[in-house]
Amino acid sequence: MRSAVYIPYIIFGYLSLFTLGLLDNARGPYFPDIASSLDLSDTKASFLFVTTSFVSFLMGRTVPSLMKKLSLLNLLRIGHFSMAAGILSMAWITNLTTLIVAAAVFGIGFGTVNVAQNVLIFDGATASTKRQLLSGLHSFYALASLFSPLIISLLASEGLDWRRGLIFFSAVPLLAFVYSFFCQEQEHTSGRQRGDLPAQFRKDVLAFGLGLGFYVLAEVLLCTRMVLFLEREHGLAIQVSAIYLSLFFVFMFVGRLLFTLVKFKNLTNRDIIRVSLALSTVCFVLGLIISPLFLALSGLFMGPIFGVSIDYSSQIFSYAATQALSSVLALQALAIVCMHFFVGFITEHFGIKNAMLLGPLFMGLSFLIVQLEPWKKRSH
């Protein structure tokens with residue numbers, strides 16, 4: 001671990017996740033229009049998310065190997081360029097086949113950046129600042145997620161359809177690409193192993209990946225289907241639905257910013273995760289049965305979970321942080337593939353409201369795994 005924070009890495013990491021967040025969350029609000037324009041069923045249209053997640057899974061698994069051949073900065077440059085190319089090509093899709101190809105190109109960049117930007121923080125932070133800087137990193141995802149639907153609403157008000165909107169978003173990764181040339185390559189230490197990996201490493205990573213993965217499924221479900229849910233179940237226009245989604249990300253940003261500014265020394269990572277999961281589950285349920293305002297409020301309690309979980313994983317698997325992170329995020333991407341396809345099927349045959357009920361179930365499973373802590377005895 002470094003003795004001093006390397007600021008350019010931190011800035012590049014934050015800019016990378018901000019870019020990823022903008023592009024990732026542009027697809028949700030545009031999803032109904034894309035499906036309608038291409039005359040695709042909910043199941044077929046879900047390949048917009050399924051393909052990206054599957055390719056992201058493949059790329060996430062290969063990042064540690066790629067880092068042996070490419071520098072971290074060059075790997076991120078390739079990732080940002082691929083995301084730009086993928087989003088740009090989505091603006092020209094005409095059928096399911098071209099949608100899958102464009103989503104795959106985007107997935108190459110998404111999977112690469114999704115892992116590598118966390119490694120920037122691992123290699124650029126000190127031990128005492130890592131949890132705060134990781135929370136700060138993922139607050140930028142929430143900030144980007146807030147701006148994305150607002151930008152879409154603004155573009156829609158100016159008469160720009162989803163195709164021209166995606167062309168606008170395709171320029172964003174090029175900003176991060178240019179900034180990368182203002183960074184100097186630093187020594188990579190977070191992937192070094194102290195001897196051979198323990199025999200139980202894969203089982204422990206699998207357990208941790210499932211714990212974090214189930215939470216992520218609930219978050220992604222809410223982010224990508226909230227607009228559709230509000231349109232079909234509450235009859236709201238896309239501009240109004242996008243405002244609810246923006247409010248969700250406002251609360252998420254506040255939750256993550258709080259853990260960026262305050263250390264909370266008396267709370268362990270596990271304590272923070274458990275309390276946050278419990279409160280966000282309650283809000284999710286209330287949002288489905290009482291008012292969609294509670295869906296937005298759930299973002300406040302979801303906020304700290306992901307960043308704190310990444311720091312938690314680096315503590316548990318300190319002897320192989322990059323390898324563990326890559327496996328955890330790859331498993332998460334694979335789970336998202338299955339979730340999108342399953343949710344698309346349920347939405348088409350049983351309605352979006354029933355599909356949204358999976359959210360509280362996912363968070364309940366995440367809480368159970370974190371509570372049991374199956375990796376504790378073996379990995380420390």
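**Setting up.** I am working with a predicted model, where local features need pLDDT of at least 70, side-chain atom pairs count only at pLDDT 80 or more, and totals for chains, interfaces and linings use all residues. I number residues from 1 along each chain as its sequence is written, and my side-chain values use heavy atoms, with hydrogens and water left out.

**The core.** I looked up the largest nonpolar core and found 118 residues in it. By nonpolar core I mean a set of buried Ala, Val, Leu, Ile, Met, Phe, Trp, Tyr and Cys residues joined through side-chain atoms within 4.5 Å. Buried is under 20% relative accessible area, exposed over 50%, and partly exposed in between (1.4 Å probe, protein chains only). Phe169, Tyr215 and Phe248 have the most contacts inside this core. Helix 9 (residues 201-234) gives the most to it, with 18 residues. My helices are DSSP runs (H or I, at least four residues), numbered from the N terminus.

I then asked what phenylalanine 169 touches, leaving aside neighbours within four places in sequence. Its contacts (heavy atoms within 4.5 Å) are Leu22, Leu23, Ala26, Tyr30, Ile87, Ser148, Ile151, Ile152 and Leu155.

**A loop residue.** Aspartate 39 sits in the loop between helix 1 (7-38) and helix 2 (42-45). Its phi is near 55°, positive in a residue other than glycine. I also noted that aspartate 39 is exposed, at a relative accessible area of 70%.

**Helix 16.** After helix 16 comes glutamate 373, with a positive phi near 50°.

**Helix pairs.** Helix 11 and helix 16 pack at about 160°, with axes 9 Å apart. I take axes as lines fitted to C-alpha atoms, for helices over the stretch in contact, with angles from 0 to 180 degrees between N-to-C directions. The two helices are therefore roughly antiparallel, a term for angles over 145 degrees.

Next I looked at helix 6 (residues 130-157) and helix 10 (residues 238-261), whose axes come within 8 Å and cross at roughly 165°. That makes helix 6 roughly antiparallel to helix 10.

How values were computed
Parallel < 35°, antiparallel > 145°, perpendicular 65-115°, else oblique.
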